[in-house]
Amino acid sequence: MTGLRIEEHPILDFPKRKKVKFFFEGREMEGYEGEPIAAALHAAGVKVLHHSLKLARPRGFFCAIGNCSSCLMIVDGVPNVRACTERLREGMSVERQVGRGPSLTGR
Amino acid sequence: MEYDLIVVGGGPAGLSGALKAAQNGVRVALIDRQEQLGGQLVKQTHKFFGWSQRYAGVRGIEIGRRLRDAVCAEPRITVFAGTEALGYYPDNSLLIESPSGVSRITAKTFLFATGAQERMLLFRGNDLPGVYGAGAVQTLMNVYGVRPGRSVLMVGSGNIGLIVSYQLRQAGVTVRAIVEALPQVGGYAVHASKVRRLGIPILTRHSIKEAHGTECVEGATIWEVDDKFRGIPGTEKDLDVDVICLATGLTPLGDLLWQAGVSMTYVPELGGFVPIYDENMETERPGIFVAGDAAGIEEASTAMLCGEIAGLSVAAKIGKIPRQRFEEERNALAQELSALRSGPLSNKVRTGYERIRALVQGRRGR
């Protein structure tokens, strides 16, 4: 993991959690179990989570509380998952979403 | 199961409201979309000033912990965490989505304490990854233990901008500058001096002109602004930053209130559209109460007091406490509230609340 993880803090303790492996665009990555997907990706240096509907502009997270829809990703094949609140689990597959993402009904 | 009260939002207002109601005999369902209750308190590492000896010198995270523990120990409160409110129905039910699925719960009364969202600012590149709301930066660092980046431009010098700048430094992140479009710092002098002592420059009459980068933020240009907040060409400065943090204010989260058909009004001093409500925190839709930022942007101390007033009013409305005791207790809380709002930095919100009071009185007179 890169230097973006806070190891020491004057006020807060971040208890060590279980490390899990997950896949981002097919690449194997590591994060902590139960943290939001976006936090694990951010710590791994991934800032672009989504591409916008009309102009395919890159989108990262903005609000981090599941409100703004800037971080919608495809998780285990399901589009429009809010990566800033969805919790990371072992073996998850996470992909960047373009616009509304693939249709689940195949249309 | 029917409840007496459903509280939507487990931040300082919702938790205080649920507790006050439950302590007076009300059976409460408390729902929050996060799994951890506490709202914004879970990320507030700074010490509160407190009031009337309550919470003075206590950190926000600790206040959140105390409220959470009290709520979880209260047998009359059922907590639905990780649960979202999807919609209010006029048969007094609320459609909710919890980890176990979609269901419906009903109650005699409701307290909507849904909080606020960050305000966006217009500048080129404002949609790039690396532009975050100040609350998001706080969540990422103080809740999840991840730095937002290495070098930050903070936009806005209100209390949030100042406190988050300080917290960024505590997390080992460089803050290049705080820009403030007004001629003076917006937040408390005590926070501003703390930030200045750390060597972070606060540039008043400055704003962001644009963010640079193709995939994410790679830099920012700031410039001076005139009295009408227009940028002055020729004053541009480039900053080497990978994060732009917007602390440019909040606006109430009123989706559920709009959907429930509560009368709303636009009050810029309170952050935008707010519900119209009386001194008991009840809206014009009887049985629907509001508290906290959803009722007007303020801060956690006043949110807790408004939550308590709402919780007490619910207890009185459904006949759990006698009228006289209710009025005595409510007046005491209202007094604490006006003491908290008496400082010069509360001029704006006082104006805002006076407008709502005038509106309510005008309607009563008709």
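On a 1 Å grid over the protein atoms alone, a pocket is an open set of points where a 1.4 Å probe fits, with protein on both sides within 12 Å along at least five of seven lines; its lining residues have an atom within 4 Å of a point. Points are joined across faces, edges and corners, and the volume is the space filled by probe spheres set on them. The second largest pocket holds about 380 Å³ of space. Its lining comprises 17 residues, of which Leu337(B), Ser338(B), Arg341(B), Tyr353(B) and Arg357(B) are the closest to the centre. Helices H7 (300-317), H8 (323-340) and H9 (347-365) of chain B each give two or more residues to this lining, and H8(B) gives the most, with 5 residues. Helices here are DSSP runs (H or I, at least four residues) and strands are E runs of at least two, numbered from the N terminus.

The model is predicted: local features need pLDDT of at least 70 and side-chain atom pairs count only at pLDDT 80 or more, whereas totals for chains, interfaces and linings use all residues. Residues are numbered from 1 along each chain as written, chains are lettered from A and ligands numbered from 1 in the order written, and side-chain values use heavy atoms, without hydrogens or water.

At the interface, 30 residues of chain A are in contact (heavy atoms within 4.5 Å) with 41 residues of chain B. The buried area, meaning the accessible area (1.4 Å probe) lost by the two parts on being put together and summed over both, is about 3,100 Å², with 54% from carbon and sulfur atoms. On the chain A side, helix H1 (37-43) and strand E4 (58-59) each supply at least two residues; H1(A) gives the most, with 3.

A salt bridge requires a side-chain nitrogen of Lys or Arg within 4 Å of a carboxyl oxygen of Asp or Glu. Two are tabulated below.

| Salt bridge | N to O distance |
|---|---|
| Arg87(A) and Glu35(B) | 3.4 Å |
| Arg5(A) and Glu35(A) | 2.8 Å |
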